[in-house]
Amino acid sequence: MLFKPHTISSHILSNHLNQLRSISSLKVVWRKDPELDRAIENDKRFKLCARVVREVLNEPRHVIPLRYLEKRRQRMHLKVKIETFLNHNPGLFDVYLDRIKPKTEPVRFIRFSAKLQNFLEEQKRIFQKNEDLIVAKLCKLLMMSKNKVVSADKLLHVKKEFGFPDDFLVDLVPRYSNYFRLIGSPGEGQSFLELVNWEPKFAKSVIEHRAEEESERIGIRVRPNFRVQLPSGFVLKKDMRDWVRDWMELDYVSPYADVSHLEQNSREMEKRMVGVFHELLSLSLYKRIPVPILGKFCDEYRFSNAFSSVFTRHSGIFYMSLKGGIETAVLREAYEGDKLVDLDPLLEIKDKFVELLEEGWRQRAEELRLKQEKLRRDMENSATKVDQMSVKETNVDGRRHVDNGRRRAFK
């Protein structure tokens, strides 16, 4: 009897250690997915243009000397000179002369074009139309967090990932005081957004909603769980396949549930962590988020320090892209090939901006075509003139030859 408690403790400890070992020792070979990499590459030019627009948008009166913007190329990850960028993307900005200070020589400034101004007004309309969605996203981000509080600076850092307006903290948040409250003092890491009231209608994940819809459709209760779709030709080793099978059989842990009782390295906590990543990616505009950005929220969402291994360990749910030298977590089920099929309503903003860009690109292509056509005609005209001059020279030489012959005959 004296040894029974000790035996039970050892058994529990042994199981616990085996469980930890089973997760940490699982190795999955990373495999490139060209189609999902292409999805990231397809948006590269659009995102670069948006980055430059955002840089000017942050300036007073939305104007900036061209040479000042040139100095920020590295920060904007712009590989070409600003002048080259403007030539390649006409229709975004106007270039004009102005003085930086009174009595100084005029220098070139850039400002938004009339077309870009119209787009920015359209963007405001789209934000207003989807304000309920933005509020729901913001509530969900807070509801998933450990203490229902997230750093305001971190939220500002991810605003473009989730489609939040630039001024959401100073405009939207005060108007929804029934949900949000800013606490702390402004400054780096000193201001926080707190959830005031828990909203039950927001406390269901995409996976839970999907299970409910499926249950209503077929009349049988469906368990919430993840969709697993391994890439073509990808085969799991037996030990990994067995682990995934057993892990999938575990009950789904909602990202909105209280998990303070779960051990950090348990399989259940891993299930919850995967659920949080799935929900975060589902809430994002492109259903993908750079891993370094997710890493900023380790404390708020109880992620382990080695959280990024989740994306390769669960490669049927996520894809870890290395495109552009940046690790990006992608939600597989949101894509068919390189096309995003699970479209966020706020992507209408991107569509409008791409229309503006493509109009400028067509304009530039037409100008280049006309320039090349003119160059071709000029070259043809030059060649014709050379031929005509050659004929004239030949005729002159012929007449000289005849005249010389006549002179010799006369003598």
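The model is predicted.

The chain has 411 residues, and 41% of them count as buried. Its secondary structure comprises 17 helices and 11 strands. The accessible surface amounts to about 24,700 Å². Carbon and sulfur atoms contribute 53% of that surface. Among contacts in the chain with a separation of 6 or more, 66% join residues 24 or more positions apart.

Helix α13 spans residues 267-283 and packs against helix α7, residues 131-143. The angle between the two is about 160°, and their axes lie 11 Å apart. Angles over 145 degrees count as roughly antiparallel, so α7 is roughly antiparallel to α13. The crossing of α7 past α13 is left-handed. On the α7 side, the contact is made by Lys 137, Lys 140 and Leu 141. On the α13 side, Glu 279, Leu 280 and Leu 283 take part. By class, this contact has 3 nonpolar residues, 3 charged residues and no polar ones.

Helix α11, residues 206-218, also meets α13. Here the axes come within 9 Å and cross at roughly 90°. The two helices, α11 and α13, are therefore roughly perpendicular to each other. From α11, the contact involves Val 206, Ile 207 and Arg 210. Their partners in α13 are His 278, Glu 279 and Ser 282. The contact of α11 with α13 divides into 2 nonpolar, 2 polar and 2 charged residues. Glu 279 of α13 takes part in the contact with α7 and also in the contact with α11.

Definitions and conventions: Residues are numbered from 1 along each chain as its sequence is written. This is a predicted model: local features need pLDDT of at least 70, side-chain atom pairs count only at pLDDT 80 or more; totals for chains, interfaces and linings use all residues. Side-chain values use heavy atoms; hydrogens and water are left out. Axes are lines fitted to C-alpha atoms, for helices over the stretch in contact, and angles run from 0 to 180 degrees between N-to-C directions. Helices (H or I, at least four residues) and strands (E, at least two) are DSSP runs, numbered from the N terminus. Angles under 35 degrees count as roughly parallel, over 145 as roughly antiparallel, 65 to 115 as roughly perpendicular and the rest as oblique. A crossing is left-handed if the near helix is turned anticlockwise from the far one by less than a right angle, and right-handed if clockwise. Contact means heavy atoms within 4.5 Å. Ala, Val, Leu, Ile, Met, Phe, Trp, Tyr, Cys and Pro count as nonpolar, Asp, Glu, Lys and Arg as charged, and the others, Gly among them, as polar. Buried means under 20% relative accessible area, exposed over 50%, partly exposed in between (1.4 Å probe, protein chains only). Accessible areas come from the Shrake-Rupley method with a 1.4 Å probe; for residues, only the protein chains shown count as cover.
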